[in-house]
Amino acid sequence: MTAGLALVAACQQQGEAPSEGEKKAEPIDKAPEAEPSTEKAVEPPAPWERVEIESLSQTQQKHLGSAKAAKKALGQGLMKELSAALKGGDFAKGVEACKGAAPKVADQVSSEHGVDVGRTSFKVRNPDNTPRDWAEPFVEGKVNEEIVLVNDGGGMAYMSPIGTKEVCLNCHGSASDIPSEVAQILSEEYPEDQATGFDVGDLRGWFWVEYHEAEG
């Protein structure tokens, strides 16, 4: 695995379905399987309420479908940007694209799908990815499963966990896992980086999507 491919995998944050004509492969950051929890249930702050997918109304199911489509579009958009930046093997351009393209891709996906969308973690790389208020309890509790929240204003929030595959260690592992050239670039571009020290199978973060009921 080259450092260039490692950067693509790390910045993509989630494996997505291949484009038409490509061989189907297992997602790089396939969400880790959730384990049964014996701890007290994590609850969101008011006015949000956590609900089971099976209990959603037909309209809410439609909103959830939009949220999942936005999550997928974000992952695919990031992969496209990173793949283009790294064609020449310029790792600096790869990191620069990850840092500069991610918010642009998120803005575009948000506009196209009518939602707010992003990524977050309990160990963020970019300070702009700190969790929203409604997501904080689940981030702090490291809840390793899909999360759906609703409020009485017609809003919906969705979180989908991101796992850690072996290739992700090139950018998110321990100091011995990360190639020196990648470590140098990351230290320059992300001086407040916390997103290292992960191991294979670890929960690493989440995609999040927030849907707002249209007014009028």
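1. A word on terms first: a residue is called buried under 20% relative accessible area, exposed over 50%, and partly exposed in between. By that scale Glu-145, at 34% relative accessibility, is partly exposed. Please keep in mind that this is a predicted model.

2. Let us take the sheet next. Five strands make up an open sheet with antiparallel pairing, and their order is S1-S3-S4-S5-S2. S1 and S2 stand at the edges with a single partner strand each, so one side of each has no neighbour in the sheet. Strand S4 (residues 156-163) pairs with S5 over eight bridges, in the antiparallel sense. If you want a landmark there, Ala-157 stands opposite Glu-210 in S5.

3. How many salt bridges are there? The count comes to five. One of them joins the side chains of Arg-50 and Glu-145, at 2.6 Å from N to O. Arg-50 sits in strand S1 (residues 49-50) and Glu-145 in the loop between helix H4 (136-140) and strand S3 (147-150), so this pair links parts of the chain that are 95 residues apart. Arg-50 is partly exposed, at 24% relative accessibility.

4. Glu-146 forms a salt bridge with Lys-68, with 3.7 Å between the closest N and O atoms. Because Glu-146 lies in the loop between H4 and S3 while Lys-68 belongs to helix H2 (residues 58-85), the pair ties together parts that are 78 residues apart in sequence. Glu-146 is partly exposed at 36% relative accessibility, and Lys-68 is partly exposed at 34%.

5. Another salt bridge pairs Arg-132 with Asp-116, the closest N and O atoms being 3.3 Å apart. Arg-132 is in the loop between strand S2 (115-120) and H4, Asp-116 is in strand S2, and 16 residues separate them. Both residues are partly exposed, Arg-132 with a relative accessible area of 31% and Asp-116 at 25%. Through shared partners, salt bridges join Asp-116, Arg-132 and Glu-210 into one network.

6. Now for the aromatic side chains. A search of the whole structure finds four aromatic pairs. Among them is the edge-to-face pair of Phe-122 and Trp-206, 6.0 Å centre to centre with 75° between the planes. Phe-122 lies in the loop between S2 and H4 and Trp-206 in strand S5, so the pair ties together parts that are 84 residues apart in sequence. Which of the two is buried and which is partly exposed? Trp-206 is buried, at 0% relative accessibility, whereas Phe-122 is partly exposed, with a relative accessible area of 22%.

7. Trp-134 and Trp-208 form an edge-to-face pair as well, 6.3 Å centre to centre and with 75° between the planes. Trp-134 is in the loop between S2 and H4 and Trp-208 in strand S5, so parts that are 74 residues apart in sequence are tied together. Trp-134 and Trp-208 are both buried. With Trp-48, they form one aromatic cluster.

8. The largest pocket deserves a look. The volume of the largest pocket is about 600 Å³. Of the 33 residues that line it, Ala-102, Arg-119, Asn-126, Asp-128 and Asn-129 are the closest to its centre. Helix H1 (3-12), helix H3 (91-113), S2 and strand S5 (203-211) each supply at least two lining residues. The largest share, seven residues, comes from H3. By class, the lining has 14 nonpolar, ten polar and nine charged residues.

9. Two backbone details are worth checking on your screen. Ala-46 and Pro-47 are joined by a cis peptide bond, with omega about 10°, and Pro-47 lies in the loop between H1 and S1. Lys-142 has a positive phi, near 50°, in a residue other than glycine. Lys-142 is found in the loop between H4 and S3 and is partly exposed, at 47% relative accessibility.

10. Finally, a residue of helix H3: Lys-104. Is Lys-104 buried or exposed? Its relative accessible area is 63%, so Lys-104 counts as exposed. From C-alpha to C-alpha, Lys-104 and Leu-78 are 9.6 Å apart in space, and 26 residues apart in sequence.

How values were computed: Residues are numbered from 1 along each chain as its sequence is written. This is a predicted model: local features need pLDDT of at least 70, side-chain atom pairs count only at pLDDT 80 or more; totals for chains, interfaces and linings use all residues. Side-chain values use heavy atoms; hydrogens and water are left out. A salt bridge is a side-chain nitrogen of Lys or Arg within 4 Å of a carboxyl oxygen of Asp or Glu. Helices (H or I, at least four residues) and strands (E, at least two) are DSSP runs, numbered from the N terminus. Buried means under 20% relative accessible area, exposed over 50%, partly exposed in between (1.4 Å probe, protein chains only). On a 1 Å grid over the protein atoms alone, a cavity is a set of points where a 1.4 Å probe fits but cannot get out, and a pocket is an open set with protein on both sides within 12 Å along at least five of seven lines; lining residues have an atom within 4 Å of a point. Grid points are joined across faces, edges and corners, and a volume is the space filled by probe spheres set on the points. Ala, Val, Leu, Ile, Met, Phe, Trp, Tyr, Cys and Pro count as nonpolar, Asp, Glu, Lys and Arg as charged, and the others, Gly among them, as polar. Two strands pair if DSSP finds at least two bridges between them. Rings of Phe, Tyr and Trp (its six-membered ring) pair if their centres lie within 6.5 Å; planes under 30 degrees apart count as stacked, over 60 as edge-to-face and the rest as tilted.
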